[in-house]
Amino acid sequence: MRPAVAGALLLAGLAACGSDDAADRTALSDSTISAVAAFYPLHEATRAVGGGLVTVTGLTPPGLGPHDLELGARQVEAIDDAELAVFIGRGFQPQVEDAVADAPGLIALDVLDHVELLTVDRQLAGTQGEVDGEVLAGDVDPHVWLDPQRMITIVDAIAAALSELDPDHTDQYRANADAYLAGLNGLDAEYRAALATCRSRVIVTSHRAFGYLADSYGLRQIPIAGISPDVEPDARSLEAIAAEAKAEGVTTIFLESIAPPDLAETVAEEIGAELNLLDPIEGVDSDDAERADNYPRIMRENLERLADGLGCEP
Ligand SMILES: [Zn+2]
């Protein structure tokens, strides 16, 4: 048995030996499991499954994205103290992986071990440039959280890890997971229905984040970025993307709040398309950080814009 769990059971035992309310409350707060989640959507899922039994610390501060996260002393300490870490490995956030590897006796849940992975597509024919720095070891695409179907699998993996850590509360973790999964299953059904019949099935995106979503719902992604951010893409590359988009009947170019819009605007102008937003949920504002339903809420907003931009029949 791991020391932290032994300590928790000891405290619970003391509280059970008849005591007042204050002692019970102390026992309760000391007996919660500590978990860390590497960035927002994993944080929300871990909090949902853990409920009142688990204290979850998010490692990526609100307002920041997960790419190139630099850990401060406070976050390294949180990882050291944690009994469970939920993260994306293979070089996505190298400092998180290093700290997790160094932490004694922690259950390391790399969500990439639990979902079907996709490799990053090669550049569209006729375009030049390097793929960007978001490609993981083995050419793996990290953006698994943007697919509701893969998120469902990830939530199950979190429930299994918490049950392994704290078997006495297996039923509670399962019930919490099922409550959160009811929302995700509904979201998946809405995606399948809303994207069933569309004028175009091609999404031109400003950042290569929607490959898993495209895979699950029969769409094809043409990313404009994916060309190294340090290298200005040449006119010929943008021309090739614009030509392909036009041939595919694309009338909306999707960009996102955090990426610079210029390239997406250039392509949109070239083919007379509109611009609209897709949120890659690589973080939430501090205003939203305490809400429990950001993921399904934002994914539903993404779906409305997708269905609109692709001309899908309601
Ligand atoms: Zn990304």
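Guide: Helices here are DSSP runs of H or I with at least four residues, numbered from the N terminus. The model is a predicted one.

Visitor: Fine. Where does Asp102 lie, then?

Guide: Asp102 is part of helix 5.

Visitor: Buried or exposed?

Guide: Asp102 is exposed, because its relative accessible area is 63% and the cut-off for exposed is over 50%.

Visitor: Which residues form the negative surface patch?

Guide: Glu77, Asp80, Asp81, Asp98 and Asp102 make up that patch. At least two residues come from each of helix 4 (73–81) and helix 5 (94–102).

Visitor: Which helix gives the most?

Guide: Helix 4 does, with three residues.

Visitor: Staying with helix 4, which residues are buried?

Guide: Gln75, Ala78 and Ile79 are the buried ones in helix 4. They sit on the same side of the helix, because the arc they cover around the axis is only 100°.

Visitor: And what is exposed on the face turned away from that side?

Guide: That face of helix 4 carries Ala73, Arg74 and Asp81, which are exposed. Asp81 also belongs to the negative patch.

Visitor: Change of topic. Where is Asp141?

Guide: Asp141 is in the loop that runs between strand 4 (107–110) and helix 6 (148–165).

Visitor: Why does Asp141 count as buried?

Guide: Because the relative accessibility of Asp141 is 5%, and buried means under 20%.

Visitor: How far apart are Asp141 and Val120?

Guide: In sequence, Asp141 and Val120 are 21 residues apart; in space, their C-alpha atoms are 5.3 Å apart.

Notes
Residues numbered from 1 in each chain as written. Predicted model: local features only at pLDDT ≥ 70, side-chain atom pairs only at ≥ 80, totals over all residues. Heavy atoms only, no water. Patch = residues over 30% accessible without salt bridge, like charges linked within 9 Å, V, L, I, M, F, W, Y side chains within 5 Å. Areas by Shrake-Rupley, 256 points an atom, 1.4 Å probe, with all protein chains shown as cover. Salt bridge = Lys/Arg side-chain N within 4 Å of Asp/Glu carboxyl O. Lys, Arg positive; Asp, Glu negative; His and termini not counted. Charge placed at Lys NZ, Arg CZ, Asp CG, Glu CD. Buried < 20%, exposed > 50% of the residue type's maximum accessible area, 1.4 Å probe, protein only. Arc of directions from axis to C-beta.
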